[in-house]
Amino acid sequence: MLPRLLASYFDTHSVCPDYRATIERRWADLCAFARVRQRRKPLSYDLVNAWLEEIGRDLSPATIESYRRVVLALWRHAADEGWAEWPMARKIKRVRVPAPSVQCYTHDQACDLIARAAALTGRLADGTSRSDYWTAIIATAWDTGLRRSDLWRVKASQLHGDVLETISSKTGQRSYHRLYASTVKRILSLGRANGTPIFAWPHDPKTFSNHFQEICQGRGSFKWLRRSSGSYVEAAQPGAGPKHLGHANPATFYRHYDSRAVSVSSVMPPELG
């Protein structure tokens with residue numbers, strides 16, 4: 001059962017490459033723990049709970065809970081295939097995860113990012129101007145709230161005037177995003193041919209993060225742009241934030257993306273004397 005569980009799971013579940021790698025790592029961690037405990041079957045309540053308790057010494061509650069979700073998903077799949085008994089989730093220790101403080105960029109901070117990106121010198125490995133690349137991708141991330149992985153995949157042929165058509169690598173959902181004229185101008189300045197990705201990154205992902213840290217001066221990360229985009233849309237039109245970011249479940253948006261730092265209502269009750 002163990003060698004074929006992952007293969008069977010991925011054959012029947014569509015997951016993006018990053019999440020697939022996460023599932024593989026966490027399953028490997030559990031199997032390694034089982035070997036240390038000299039247990040042949042990793043899918044047992046006492047073993048999984050002991051594993052979660054051990055890794056809980058070094059990881060955050062949110063990370064531990066994500067490990068728990070992965071194990072439950074694989075265990076349920078094993079049960080569907082007849083390789084294990086159906087798991088009772090209540091018997092697997094649940095970790096209380098405090099509501100996260102959602103951090104993002106304000107409009108002024110995002111404008112500063114554009115200004116610093118525009119001042120960059122030099123070129124990327126494929127010859128693209130660093131300033132042209134970074135101003136374009138930052139502006140597009142701000143307008144659309146797209147994930148970095150989706151921005152890397154979108155092609156020039158998917159730009160229709162001021163509308164960018166995308167297909168989410170995570171959900172497979174097709175969506176359309178309106179862009180400001182200044183963003184379209186920045187994209188066109190890259191001079192991409194129709195069949196090529198607009199934001200093709202010629203280095204490894206770590207280098208992307210390093211370049212962005214240079215721009216943001218260590219304050220935040222590229223994913224903050226997605227949170228900012230959704231938060232400002234939600235502030236302007238309550239209920240529109242989840243749709244803007246393509247969340248099927250609005251609860252995901254309100255828990256992980258909606259930043260009260262930019263979306264606090266200006267409406268207040270009467271002042272007390």
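Where is the place of Gln38? I found Gln38 in the loop between α2 and α3 (45–55). I note at the outset that this is a predicted model.

**Entry 1. Positive phi**

I looked up the backbone of Gln38 next. Its phi is near 55°, a positive value in a residue other than glycine. Most residues other than glycine have a negative phi, so I marked the angle.

Gln217 sits in the loop between α9 (205–216) and α10 (223–236). I have Gln217 down as partly exposed, with a relative accessible area of 46%.

Does the length of α4 agree or disagree with its residue count? I worked it through. α4 has 20 residues, and at 1.5 Å a residue they should span 28 Å. The end C-alpha atoms of α4 are 29 Å apart, which agrees.

I followed the chain past the helix to Glu85. Glu85 is in the loop between α4 and α5 (107–118). At 68% relative accessibility, Glu85 counts as exposed. I then asked what Glu85 touches, not counting residues up to four places away in sequence. I got Trp75 and Ala79. Glu85 and Trp75 are ten residues apart in sequence. From C-alpha to C-alpha, Glu85 and Trp75 are 8.4 Å apart in space.

**Entry 2. Largest pocket**

I turned to the open spaces. The largest pocket holds about 2,000 Å³ of space. It is lined by 45 residues, and those closest to its centre are Arg147, Lys170, Lys223, Arg227 and Tyr257. I listed the elements that give two or more residues to this lining: α2 (17–36), α4 (61–80), α7, α9, α10 and α12 (250–256). The largest share comes from α4, with six residues. By class, I wrote down 17 nonpolar, 16 polar and twelve charged residues for the lining of the largest pocket.

I placed Arg147 in the loop between α6 (130–144) and α7 (148–153). Is Arg147 buried or exposed? Arg147 counts as buried, because 18% relative accessibility is under the 20% cut-off. I left aside its neighbours within four places in sequence and listed the contacts of Arg147: Ser168, Lys170 and Arg226. Lys170 is also among the residues closest to the centre of the largest pocket.

**Entry 3. Second largest pocket**

The second largest pocket holds about 270 Å³ of space. I noted its lining residues, among them Trp142, Asp143, Tyr176, His177, Arg178, Tyr232 and His244. α6, β3 (174–178) and α10 each supply at least two residues of this lining. Which element gives the largest share of the lining of the second largest pocket? I found that α10 does, with four residues. The class count for this lining is seven nonpolar, three polar and two charged residues.

**Entry 4. Cavity**

How many cavities of 30 Å³ or more does the structure hold? I got one. About 120 Å³ of space lies in the largest cavity. Of the 17 residues that line the largest cavity, I recorded Leu146, Ser168, Ser175, Leu245 and Gly246 as the closest to its centre. Ser168 was already in my notes as a contact of Arg147. β2 (163–167), β3 and α11 (240–245) each supply at least two residues of the cavity lining. The largest share, three residues, comes from α11. By class, the lining of the largest cavity has three nonpolar, ten polar and four charged residues.

**Entry 5. Cysteines**

How many disulfides does the structure hold? I counted zero. I checked Cys104 for a partner. The closest cysteine sulfur to that of Cys104 is in Cys111, 14 Å away, so the two are too far apart for a bond. A disulfide needs the sulfur atoms within 2.5 Å. I have Cys104 down as buried, with a relative accessible area of 10%. Cys31 is also buried, with a relative accessible area of 12%.

Note on methods
Residues are numbered from 1 along each chain as its sequence is written. This is a predicted model: local features need pLDDT of at least 70, side-chain atom pairs count only at pLDDT 80 or more; totals for chains, interfaces and linings use all residues. Side-chain values use heavy atoms; hydrogens and water are left out. Buried means under 20% relative accessible area, exposed over 50%, partly exposed in between (1.4 Å probe, protein chains only). Contact means heavy atoms within 4.5 Å. On a 1 Å grid over the protein atoms alone, a cavity is a set of points where a 1.4 Å probe fits but cannot get out, and a pocket is an open set with protein on both sides within 12 Å along at least five of seven lines; lining residues have an atom within 4 Å of a point. Grid points are joined across faces, edges and corners, and a volume is the space filled by probe spheres set on the points. Ala, Val, Leu, Ile, Met, Phe, Trp, Tyr, Cys and Pro count as nonpolar, Asp, Glu, Lys and Arg as charged, and the others, Gly among them, as polar. The expected span of a helix is 1.5 Å times one less than its number of residues.
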